[in-house]
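Subject: Structure for your review

Dear colleague,

Please find below the structure that I am handing over to you. A summary of the findings follows it.

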Amino acid sequence: MHFIPPVSKNRIISKFPKCYNPQACLQMKEDWNEKAKSACLDRAARQHGMDRLKMSKAVVVGDLNVGKTCLINRFCKDAFDRDYKATIGVDFEIERFELSGLPYSLQIWDTAGQEKFKCIASAYYRGAQVIITVFDMADIKTLEHTRQWLVEALRENEPNACFIFLVGTKRDLLSAEECQRTERDAVKIASEMNAEFWSVSSKTGQNVQEFFFRVAALSFEDAILQEIELSSSSAVRIGDGEILKVDAGDQQDRAARKPSCC
Ligand SMILES: Nc1nc2c(ncn2[C@@H]2O[C@H](COP(=O)(O)OP(=O)(O)OP(=O)(O)O)[C@@H](O)[C@H]2O)c(=O)[nH]1
């Protein structure tokens, strides 16, 4: 048996995190899904989750210089670098959480915004459960470009299988009035993209932890619900491998659960 170190105290999420703006929010509910909650309680009581760490992949995309690396570094390392160093290709961090008593990890992929690195970076978009499109609130043209970034990230993924977030960075550079105006524009685009909108500052740290907790909670809950569906479906064995058949009722359940912007 291998030793898994305990999750740090500030990565324990017990209450379901709230969205930032109800006008561009993936799920309005204030608590965990009932099915997921009882599955978590059951697994935590049996210490079942401990031997099989759940992991989801989040990819962070957006124009160069919008603050993708700083956003990840603020959350994962509680650090902020004023100097711009372009990401070359991709990089990733793994953050460990404890949600509803179960361990959970989020793989956060930082991708290059520079055109010349795009083909390297896009090879890593595949298999994402979460797509985080980032723009610079102080450079409004980067907001418009998030649509194209999303199209490219979705090309490598199943559109209905991903949670999409639209994150505006550098809010510390804007006055309250400018911030309000930019947020209004961003909410419109987020609704069109079926995305949840967040406005953050990696410099001050404002909303950064809240945002990543929300990402972790939504993707964790989805992973638990998928596991429940799979375990309740009939299994067909072919050769040595096992193929799991999900029946139509389960698939309808899953479709109904998929994010839809309110
Ligand atoms: N004031 C302020 N500056 C920020 C913030 N986030 C990032 N920056 C600055 O913006 C510049 C670009 O940040 P990065 O995080 O490197 O940008 P990136 O999107 O990862 O860029 P690429 O790697 O080229 O794709 C740096 O000089 C950061 O210091 C923020 O919240 N506030």
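Please note that the model is predicted. The protein chain holds seven helices and nine strands. Of its 262 residues, 36% are buried. Among the contacts in the protein chain with a separation of 6 or more, 74% join residues 24 or more positions apart.

The ligand is surrounded by 23 residues, and the closest are Gly67, Thr69, Cys70, Thr87 and Gly113.

In soluble globular proteins, nonpolar side chains tend to be buried together. The largest nonpolar core here has 58 residues, and those that touch the most other members are Ala58, Val59, Val60, Ile131, Phe165 and Ala216. Helix α6 (residues 208–232) supplies the largest share of this core, 10 residues. Leaving aside residues up to four places away in sequence, Val60 touches Lys68, Leu71, Ile72, Ile108, Trp109, Asp110, Thr111, Ile132 and Val134.

Which residues of α5 are buried? They are Thr182, Glu183, Ala186, Val187, Ala190 and Met193. Because these residues cover an arc of only 150° around the axis, they lie on the same side of α5. On the other side of α5, Glu177, Gln180 and Arg184 are exposed. The partners against which the buried residues of α5 pack are α4 (141–155), β6 (163–169) and β7 (196–199). After α5 comes Asn194, which has a positive phi, near 60°.

Finally, Ile12 belongs to strand β1 (residues 12–13). Is Ile12 buried or exposed, or something in between? Ile12 has 13 other C-beta atoms within 10 Å; a residue counts as exposed at 12 or fewer and as buried at 20 or more, so Ile12 is partly exposed. Not counting residues up to four places away in sequence, Ile12 touches Val7 and Glu98. The C-alpha atoms of Ile12 and Ser100 are separated by 8.3 Å, although these residues are 88 residues apart along the chain.

With kind regards

Definitions and conventions. Residues are numbered from 1 along each chain as its sequence is written. This is a predicted model: local features need pLDDT of at least 70, side-chain atom pairs count only at pLDDT 80 or more; totals for chains, interfaces and linings use all residues. Helices (H or I, at least four residues) and strands (E, at least two) are DSSP runs, numbered from the N terminus. The arc is that of the directions from the helix axis to the C-beta atoms. Two residues are in contact if their C-beta atoms, placed from the backbone, lie within 7 Å. A residue is near a molecule or strand if its C-beta atom, placed from the backbone, lies within 6 Å of it. A nonpolar core is a set of buried Ala, Val, Leu, Ile, Met, Phe, Trp, Tyr and Cys residues joined through C-beta atoms within 7 Å.
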